[in-house]
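Biologist: Here is the model we are to go through. Please answer each point in turn and end on the value or name asked for.

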Amino acid sequence: MSSVVVRNALQIDNLLRMGFLWTLIIMVSYMMVLYHLLRGSSIVFPRRSMASVGRWRACIVTGASSGIGKVVAKALALEGYHVILAGHMSGELHEAVAEIKSECIGVSLHSVELDLCSVASILAFVDAVESWILTTYPHHDLQLLVNNAGILAASQRFTPEGYDSMMATNYLGPFLLTKLLLPLLEKSSEPARIVNVVSFTHRCVRSLKINEELFLKGTVQKSLNRDWYRMARIYEASKMCLLLFSYELERRLGNLGSRVTVMVADPGIVKTSILQELPQLLVNITHLGLKILGLLQSPDAGARAIIDAALAPMVDFSFLMKSLADTSLEVME
Ligand SMILES: NC(=O)c1ccc[n+]([C@@H]2O[C@H](COP(=O)([O-])OP(=O)(O)OC[C@H]3O[C@@H](n4cnc5c(N)ncnc54)[C@H](OP(=O)(O)O)[C@@H]3O)[C@@H](O)[C@H]2O)c1
Ligand SMILES: *[C@@H]1O[C@H](CO)[C@@H](O)[C@H](O)[C@H]1NC(C)=O
């Protein structure tokens, strides 16, 4: 690990936010869950009956080579989906496919390379999925897109288009991918779904100017020292953008009477490689502290929220929304 990464990661604002504020905020999240439980809400999430869902259903899970995404991909394969594992390192993707196939007999899956930091790669990915659907017989239906891939970057990097890499991976890339895959999802014989993986950390965002600067330079606020990459704030902001996008897309699709629904899922704190850009000693101390507080979950436990969201029954609001169908999807461009 280069010294630049270490210095950036150890900036005081980053340390305070990640070490203190994020821990506090997840505790608030758990208290909110507890409050709802005490008020009689159920923690058993209904699942739709897969018997009624077409046999040739396909889904896409991004960032499926490791961590939470790999668990989600395996669970969806066991549910009978043909899973397309998407990620930017083909070697690790192939390993994940082989691992799931060896653990679960009879599942159907394949991998396609996707780098969410590159517009060209996203376009190529969508092309590959489209032609795969057309050449499989009988045609598969794309019924589910799980936007799971995400990073916590410790140093500033830029995409070929000049955007901040963390913003691109966590928000801009998933935005473009979703937009390009919407026609396929709309065409599905069964109501389709988009699940976006967000994070409790968005609750730390107090105000956010959503403008070009945010995406290009990734500087959420003017930094006192320009050498420091405000990784914590940018991560929070990227997840806030993804959350706002999810709400707005759900609203617009509802207005259009679309059968595609959008859900968000927060896995909580999960022991994965998300902290891989931080110094190993800091990661070890963080994991130990979170374990003592009882906040550190396994990828299996963290994936549950995403699987619940993916398999929850469809709620058909179209009868309510038809009269409101005045907004056009053009606005999304
Ligand atoms: N872990 C947590 O505590 C936590 C908490 C809240 C939310 N989340 C969210 O959960 C999601 C999954 O994270 P995780 O914890 O499972 O982390 P992870 O183990 O680091 O997995 C991240 C995945 O994203 C992929 N990825 C990274 N950059 C990419 C790019 N440019 N294009 C395509 N794929 C890319 C990675 O692929 P490679 O392996 O090929 O790089 C990897 O498969 C993320 O969105 C994260 O923000 C995690
Ligand atoms: C961090 O923990 C792992 C085991 O979980 C260990 O192998 C590694 O040496 C530790 N690294 C540091 C720098 O403490």
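Biologist: Where is His140 placed?

Modeller: The model is predicted: local features need pLDDT of at least 70, side-chain atom pairs count only at pLDDT 80 or more, and totals for chains, interfaces and linings use all residues. Residues are numbered from 1 along each chain as its sequence is written, chains are lettered from A and ligands numbered from 1 in the order in which they are written, and side-chain values use heavy atoms, with hydrogens and water left out. Helices (H or I, at least four residues) and strands (E, at least two) are DSSP runs, numbered from the N terminus. On that basis, His140 is in the loop between α5 (119–135) and β4 (141–147).

Biologist: Is His140 buried or exposed?

Modeller: Buried means under 20% relative accessible area, exposed over 50%, and partly exposed in between (1.4 Å probe, protein chains only). His140 has a relative accessible area of 9%, so the residue counts as buried.

Biologist: Which side chain does His140 join in a polar contact?

Modeller: A polar contact is a pair of N or O atoms within 3.5 Å; within protein, one must be able to donate a hydrogen and the other to accept it, and residues adjacent in sequence count only if both atoms are side-chain atoms. The contact made by the side chain of His140 is 3.1 Å, and the partner is Thr136.

Biologist: Where is the kink in α6?

Modeller: Helix α6 covers residues 165–187 and reaches 32 Å from its first C-alpha to its last, close to the expected 33 Å. The expected span is 1.5 Å times one less than the number of residues. The bend at a residue is the angle between axes fitted to the seven residues ending there and the seven starting there. The kink is about 45 degrees and comes shortly before the proline Pro183, at Leu181.

Biologist: Which residue caps the N-terminal end of α6?

Modeller: The backbone nitrogen of Met166 lies 3.1 Å from a side-chain oxygen of the capping residue. That residue is Asp164.

Biologist: What is the relative accessible area of Gly173?

Modeller: Gly173 is in helix α6. Its C-alpha atom is separated by 9.5 Å from that of Asn147, 26 residues apart along the chain. Gly173 is buried because its relative accessible area is 2%.

Biologist: Where is the kink in α2 centred?

Modeller: Helix α2 (residues 12–38) has 27 residues and reaches 38 Å, close to the 39 Å expected. Its buried residues include Trp22, Ile25 and Ile26. The kink is about 30 degrees, centred on Leu21.

Biologist: How much of ligand 1 does the protein bury?

Modeller: The shell has 30 residues, the closest being His88, Asn148, Tyr235, Gly268 and Thr272; a residue is near a molecule if one of its heavy atoms lies within 4 Å of it. A polar side-chain atom of Glu92 lies 3.2 Å from an oxygen atom of ligand 1, and a backbone N or O atom of Asn148 lies 2.6 Å from an oxygen atom of ligand 1. Accessible areas come from the Shrake-Rupley method with a 1.4 Å probe; for residues, only the protein chains shown count as cover. Taken alone ligand 1 exposes 890 Å², and the buried part is 94%.

Biologist: How much of the accessible area of ligand 2 does the protein cover?

Modeller: Gln280, Leu281 and Asn284 surround ligand 2. A polar side-chain atom of Asn284 lies 2.3 Å from an oxygen atom of ligand 2. On its own ligand 2 has 360 Å² of accessible area, and the protein covers 31%.
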